[in-house]
2 protein chains.
Amino acid sequence: MTDRPTRPRARLSAEDRRRQLIGIGLRLLVSRPIHELSIDEVAAEAGISRGLLFHYFPTKRDYYIAVVQAAGQRMLKHARLPEEGAPAERLYAATLGFVSFVQRRRANYVALVRAGAGGDDRVLEVFEGIRATLTERVLEAYGASADASPMERLTARGWLAMVEEMALEADDEVDGPEELVRFLVAALERLLSPLRGPG
Amino acid sequence: MTDRPTRPRARLSAEDRRRQLIGIGLRLLVSRPIHELSIDEVAAEAGISRGLLFHYFPTKRDYYIAVVQAAGQRMLKHARLPEEGAPAERLYAATLGFVSFVQRRRANYVALVRAGAGGDDRVLEVFEGIRATLTERVLEAYGASADASPMERLTARGWLAMVEEMALEADDEVDGPEELVRFLVAALERLLSPLRGPG
C-alpha cells in the first residue's frame, strides 16, 4: 500500500468521520472497559488531533455515549426478531442472537452494563431504551406487544434479566448456547402462560 | 440535652467507631448514590476529623467498600431463609424479604448495584459474593444446595436476576409485593421442575 494517498482521512465527510471514530471506540471496547478508553488513543488511531475529535464530539462524555449507543444498536441487530414464524421460533432466533452476542463479549459486557459506565444518567438511559426495545420484541413474538398486561410486560422484562444473567454465567459445564436458549424460550412460555388463563 | 458530656464520642472503641462510621454511610446512602458520599460529611457527622476517619479506613475506597459490604449484609438479613417449612414457604419468606428491601430503596439500589459503584473490582466482588449466597439459599430451600446440577444452579441465579428486575420495575399498576412474590416462587418451581425429570 505504498501508493496510498498521503491524506486519505482528511477527505472523510463529517458523518463518515463520526462513524469512523465510533467504530474505533467499538473496536477498543473489545479489549477494555469503557472508562479506560483514551480519547488520545482514539484520535491517534483515526490519525486526527484530539482537538478535531472534540469538534465531532464536544466532550469525552458525548463520545462515550455515542459509542455506548452504537454498541447497543449492534446488540439489537444481533437480537433481531425474524419477520415470520411461530412465536417460539421467532423468540428462539432473537434470543440466540442476544445470548451469542453477550457470550462473545462477556468481560466487556459486564464491564459496560454491570459496571454501568460509572452511573452516568445518559448511559443508564441508553440501557433503559435497549431493555424497553427488547421487551417489546419479546411481547411482539407472542403477538402481545400492544395489549400486554402490565404483569406480562413486567414478566417479559424479568425474563430478559434472567437471559442476560444466564448467558453471562453459563460455563463449559453447561451445554452451548443452543441448549440454554431452548431452555429459556420454554421458560418464557411457562412464565407467561399462567398470566393468560381466565384467573 | 445540655448536660450531655462534652466529648462522648472520643470514648468509642475502635470497633464501635468503625461501626458508627459505616452506619453513617448506610444512612447517607438512603438519599444519594455511593459515589456522591462525601468523606468530609461522614467525618463531620461522626464529630471526628477527616484524618481520624482515615485512621479507621486507610482510603476513601476502603470506606466505601465497607459500607457496600454492610449494605449487602443488611440485605441478606432481610432475605433470610426460615429454618423450617415447606420449600415454597421458605422461599416465599426469603423472597418477600428481598423484594421488600429492594423496593423500599429502589433509587439507591439502582444507583449502587446497577451503576456498579464505578466498576470497582472489589465492589463487584462483594456483589458476586451476595449473589452466590442468595443462590445457595434458593437451592437450599429446595434441598438441593450440595447436589444441584450446574444447570439448576445457573437457573437459580437467573431467577434471582428476574426477581431483582421485577422488584425494581414493578409499579402501582401491578399488585403489591405479596402478589409478585407468589408469582415468582411459583415461577421458580416451573423453571426447576423440567430440570429434575428423567430427561
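Buried means under 20% relative accessible area, exposed over 50%, and partly exposed in between, with a 1.4 Å probe and protein chains only. The model is predicted, so local features need pLDDT of at least 70 and side-chain atom pairs count only at pLDDT 80 or more, while totals for chains, interfaces and linings use all residues. Residues are numbered from 1 along each chain as its sequence is written, chains are lettered from A and ligands numbered from 1 in the order in which they are written, and side-chain values use heavy atoms, with hydrogens and water left out.

**Stop 1: T135 in chain B**

Select T135(B), which sits in helix α7 (residues 121–141) of chain B. Helices here are DSSP runs of H or I with at least four residues, strands are runs of E with at least two, and both are numbered from the N terminus. T135(B) has a relative accessible area of 2% and is therefore buried. Its side chain reaches the backbone oxygen of R131(B) at 2.7 Å. Now show R153(B), A156(B), R157(B) and L160(B): T135(B) is in contact with these residues, leaving aside neighbours within four places in sequence. Contact means heavy atoms within 4.5 Å.

**Stop 2: R157 in chain A**

Move to R157(A), in helix α8 (residues 150–169) of chain A. R157(A) counts as buried because its relative accessibility is 9%. Which side chain makes a polar contact with the side chain of R157(A)? That of E169(B), at 3.5 Å. A polar contact is a pair of N or O atoms within 3.5 Å; within protein, one must be able to donate a hydrogen and the other to accept it, and residues adjacent in sequence count only if both atoms are side-chain atoms. Neighbours within four places aside, R157(A) is in contact with E128(A), R131(A) and T135(A), and also with E165(B) and E169(B).

**Stop 3**

Select L188(A) in helix α9 (residues 177–196) of chain A. With a relative accessible area of 0%, L188(A) is buried. L91(A), V138(A), Y142(A) and W159(A) are in contact with L188(A), leaving aside its neighbours within four places in sequence. P87(A) is partly exposed, at 35% relative accessibility. Not counting residues up to four places away in sequence, P87(A) touches A141(A) and Y142(A).

**Stop 4: α1 and α4 in chain A**

Show helix α1 (residues 14–29) and helix α4 (residues 60–78) of chain A, whose axes come within 9 Å and cross at roughly 75°. Axes are lines fitted to C-alpha atoms, for helices over the stretch in contact, and angles run from 0 to 180 degrees between N-to-C directions. The two helices, α1(A) and α4(A), are therefore roughly perpendicular. Angles under 35 degrees count as roughly parallel, over 145 as roughly antiparallel, 65 to 115 as roughly perpendicular and the rest as oblique. Residues making the contact include L21(A) and L29(A) of α1(A), and Y63(A) and R74(A) of α4(A).

**Stop 5: α1 and α2 in chain B**

Finish with helix α1 (residues 14–29) and helix α2 (residues 39–46) of chain B, packed at about 120° with axes 10 Å apart. α1(B) and α2(B) are therefore oblique to each other. Where they meet, α1(B) brings R17(B), Q20(B), L21(B), I24(B), R27(B) and L28(B), and α2(B) brings E41(B), V42(B), E45(B) and A46(B).
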